[in-house]
Amino acid sequence: MNYNWNWGIFFEASPEGNGTYADMLLSGLMWTIVTALCAWVIAFAVGSVIGVLRTLPGRGAQMVGNAYVELFRNIPLLVQMFLWYFVLPEVLPESWGTWLKQLPNAPFYTAVVCLGFFTASRVAEQVRAGIQALPRGQRMAGTALGLTTAQTYRYVLLPNAYRIILPPLTSEFLNNLKNTSVALTIGLLELTARARAMQEFSFQVFEAFTAATVIYIIINLIVVTVAGVIERRVAVPGR
Amino acid sequence: MGLGLAMFSNFDFSVILNSWRYLFFDGMAFTLTLTALAAIGGVVLGTLIAMMRLSGLPVLPQVAKAYVNFMRSLPLVLVIFWFYFLVPYIGQWIIGSERPIQVGAFSSSLITFTLFEAAYFSEIMRAGIQSIPKGQSAAASALGLTYWQSMGSIILPQAFRNMLPVLLTQTIVLFQDTSLVYVLSITDFLGAASKIAQRDGRLVEMYVFAAIVYFAICFIASLLVRRLQRRVAIIR
Amino acid sequence: MTSSAMPPVSPVSEPQAATDAAPGTGPVGTLLTERPPVTATTGPMIAIDDVSKWYGDFQVLTNCTTSVTKGEVVVVCGPSGSGKSTLIKCVNALEPFQKGQITVDGTRVADKKTNLPKLRSRVGMVFQHFELFPHLSITDNLSLAQRKVLGRPKAEAEAKGLALLERVGLKAHAHKFPGQLSGGQQQRVAIARALAMNPIVMLFDEPTSALDPEMVGEVLDVMVELAREGMTMMVVTHEMGFARKVANRVIFMDKGEIVEDAQKEEFFGSPRSERAQTFLSRILSH
């Protein structure tokens with residue numbers, strides 16, 4: 001392989017003029033993490049609501065929940081990204097659209113909202129599965145004690161369901177984190193975008209991608225470790 | 001209602017009528033071919049990885065596990081970039097040529113998706129193989145079948161049938177994922193839509209249309225998978 | 001305060017380890033620490049009037065009519081699939097029914113205007129599979145509904161829970177989680193949890209049928225004691241020994257119908273229907 005390796009490249013100044021290539025990648029990492037965390041807040045909240053809707057006895061609520069999941073699961077994430085970024089400002093009333101287009105950091109907000117609603121459909125699936133995995137008698141016991149439906153969910157069903165689905169939720173969180181890279185197509189300067197930019201500026205393809213790869217693997221390990229700690233923390237004695 | 005009408009009043013859907021041949025015969029044809037070949041390659045490779053992982057031999061299970069975890073830690077976009085740049089060098093190394101060889105966009109994406117999806121397919125096949133009771137392979141050995149015979153005619157056929165709905169669901173995910181070849185400016189379905197959108201300045205129409213087409217295909221496909229799932233469940 | 005009509009009795013058996021004080025051997029009184037307020041002074045506590053229920057085309061209850069008066073213990077028995085569990089779940093509207101009427105203490109359960117959470121909080125229920133909340137400690141299991149439904153302050157709810165836990169002989173386990181207790185212990189906690197709401201009536205849905213045989217006694221002891229203290233009880237069970245000991249009436253169900261509804265002596269002495277005779281001979285033969 002006649003490729004000229006240059007691992008010192010990370011400490012050379014990037015042509016952007018504000019630091020080295022290493023700084024460039026780290027700022028990418030920062031955007032990846034911030035975007036993933038913000039999107040997760042939306043995904044967890046919306047996903048929980050949609051997941052609960054799908055387990056309520058009312059047909060209307062179930063239909064709304066099912067429609068949400070089908071809609072967001074059956075359109076590629078990249079297409080959704082374009083819909084939020086290019087299409088939404090055009091179909092809103094003009095003043096709103098203009099406001100959206102002039103928003104500073106628009107790629108960031110778009111990525112957060114898009115990923116949040118997309119991941120919510122996956123969280124909703126897990127929440128529904130978790131609630132349905134509980135014995136039917138748990139809901140009955142809550143109801144029989146006089147708890148309202150909302151109270152039964154809040155105090156009985158959800159605390160147990162979340163414990164059951166912690167492992168799949170961890171992998172959804174990781175998917176969410178990896179999916180932030182799709183937002184490079186709308187100009188979010190996250191880790192993969194920065195590695196790509198580094199490759200374009202320096203022609204050191206493999207150093208740039210190796211660095212990004214190593215960083216992603218480290219984040220994965222950290223998330224898995226933290227999830228393990230949380231799992232042990234919330235574990236119920238005797239189960 | 002008024003808002004909805006105003007929304008579509010300055011839409012120009014003729015752009016779709018004028019470009020549908022390009023969208024489907026160039027774009028969608030690429031997308032479907034890539035999906036089908038990568039799914040087949042991914043399942044075959046994934047099954048081999050799953051067998052490695054369950055082989056109980058030294059080293060092989062660890063190698064398989066490392067490969068799967070490695071691939072699953074990385075964003076697909078990064079992997080697409082990786083292979084786009086790496087494959088020419090690997091090709092050069094294999095055939096011993098002077099310079100990195102030229103690999104077409106299609107081959108490059110096919111290799112990428114096969115290797116990437118194999119990690120996900122292997123997890124499905126692992127679950128499938130493990131879902132077959134131990135007694136089945138014991139019975140096969142007792143009848144004098146070799147490992148490969150027992151895998152090929154006893155274990156894998158059952159595992160495939162049990163896992164067919166999951167494999168197909170993963171293929172729908174793969175179909176959606178192929179849209180990411182957009183980052184290499186390849187003319188898949190989304191790439192074609194995007195090119196028309198830019199050329200004619202019709203982003204709204206083209207992206208909404210692309211979304212509808214993807215939705216229709218994936219929604220119908222997942223309905224069919226669900227129906228199949230019920231049938232498989234009944235047979236068992 | 002203790003004001004039950006009858007003195008507490010000692011348990012029939014106590015198979016638990018020494019760490020569990022036996023039910024009924026606590027320092028004071030009874031399981032019923034307070035007499036629940038009853039609004040309807042006349043008429044039955046539970047009135048089931050011509051109730052029918054279908055799952056789709058399949059009829060699970062057919063024209064069921066019976067009643068339970070204040071202080072009465074009624075045992076409901078019958079082969080599995082006879083609809084007895086479904087019937088008892090209709091009483092606190094856990095299961096909807098399509099025809100007929102059920103009133104509890106004068107309140108119609110199927111009436112849209114009825115405040116169901118309020119009604120249910122006055123009807124204690126004990127389930128076949130205990131249904132303690134696995135993520136909550138025993139203390140929290142006992143106090144959750146008291147606080148969220150009755151609005152009792154935390155300290156009061158926990159004290160009440162602890163007192164009842166002592167009465168079922170499990171005070172030492174207050175800090176544990178359900179998964180750390182045996183089935184029999186869990187079921188006694190479940191009874192205490194229901195009693196903590198000061199119910200006017202208690203429903204038991206096969207409370208011992210998910211238990212290992214050696215644990216059945218400890219749960220029945222608590223139930224016997226509760227019956228002797230004057231609690232109104234409707235009990236779905238196969239435990240004919242329990243029925244003989246404390247029931248006033250026995251209802252026999254088969255195929256969704258109430259086949260026999262008789263005083264205990266009459267039921268065990270000379271059941272009128274052939275189906276009840278067959279059932280009794282089968283269940284008493286072992």
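A pocket, as the word is used in these legends, is an open set of grid points with protein on both sides within 12 Å along at least five of seven lines, and its lining residues have an atom within 4 Å of a point. The model shown is predicted.

**View 1. The second largest pocket is lined by residues that include members of chains A and C.** The volume of this pocket comes to about 650 Å³. Its lining consists of 21 residues, and those that lie nearest the centre are Pro57(A), Thr143(A), Ala93(C), Leu94(C) and Arg120(C).

**View 2. Helices α6 and α7 of chain A and helix α2 of chain C contribute to the lining of the second largest pocket.** Each of these elements, namely α6 (136-144) and α7 (149-164) of chain A and α2 (116-121) of chain C, supplies at least two residues of the lining. The largest share, 4 residues, comes from α6(A).

**View 3. Gln170(B) is placed in helix α7 of chain B.** The helix that carries Gln170(B) covers residues 147-177. Because its relative accessibility is 15%, Gln170(B) counts as buried, the cut-off for that class being under 20%. When the neighbours within four places in sequence are left aside, the residues in contact with Gln170(B) are Glu117(B), Tyr120(B), Phe121(B) and Ile124(B).

**View 4. Chain A is built with 10 helices and 0 strands.** The C-alpha trace of chain A spans about 70 × 55 × 30 Å along its principal axes, and 53% of its 239 residues count as buried. Among the contacts in chain A with a separation of 6 or more, 74% are accounted for by residues 24 or more positions apart. Chain A carries 16 positive and 12 negative side chains, and a distance of 20 Å lies between the centres of the two sets.

**View 5. Chain B is built with 9 helices and 0 strands.** For chain B, the C-alpha trace spans about 70 × 55 × 30 Å along the principal axes, and buried residues make up 44% of the 236 residues. Residues 24 or more positions apart account for 78% of those contacts in chain B that have a separation of 6 or more. The accessible surface of chain B is about 12000 Å², and 67% of this area belongs to carbon and sulfur atoms. In chain B, the mean positions of the 16 positive and 9 negative charges are 16 Å apart.

How values were computed. Residues numbered from 1 in each chain as written. Chains lettered and ligands numbered in written order. Predicted model: local features only at pLDDT ≥ 70, side-chain atom pairs only at ≥ 80, totals over all residues. Heavy atoms only, no water. Buried < 20%, exposed > 50% of the residue type's maximum accessible area, 1.4 Å probe, protein only. Contact = heavy atoms within 4.5 Å. Areas by Shrake-Rupley, 256 points an atom, 1.4 Å probe, with all protein chains shown as cover. Lys, Arg positive; Asp, Glu negative; His and termini not counted. Charge placed at Lys NZ, Arg CZ, Asp CG, Glu CD. 1 Å grid on protein atoms, 1.4 Å probe; cavity = no way out; pocket = protein on both sides within 12 Å on 5 of 7 lines; lining within 4 Å. Points joined across faces, edges and corners; volume = space filled by probe spheres on them.
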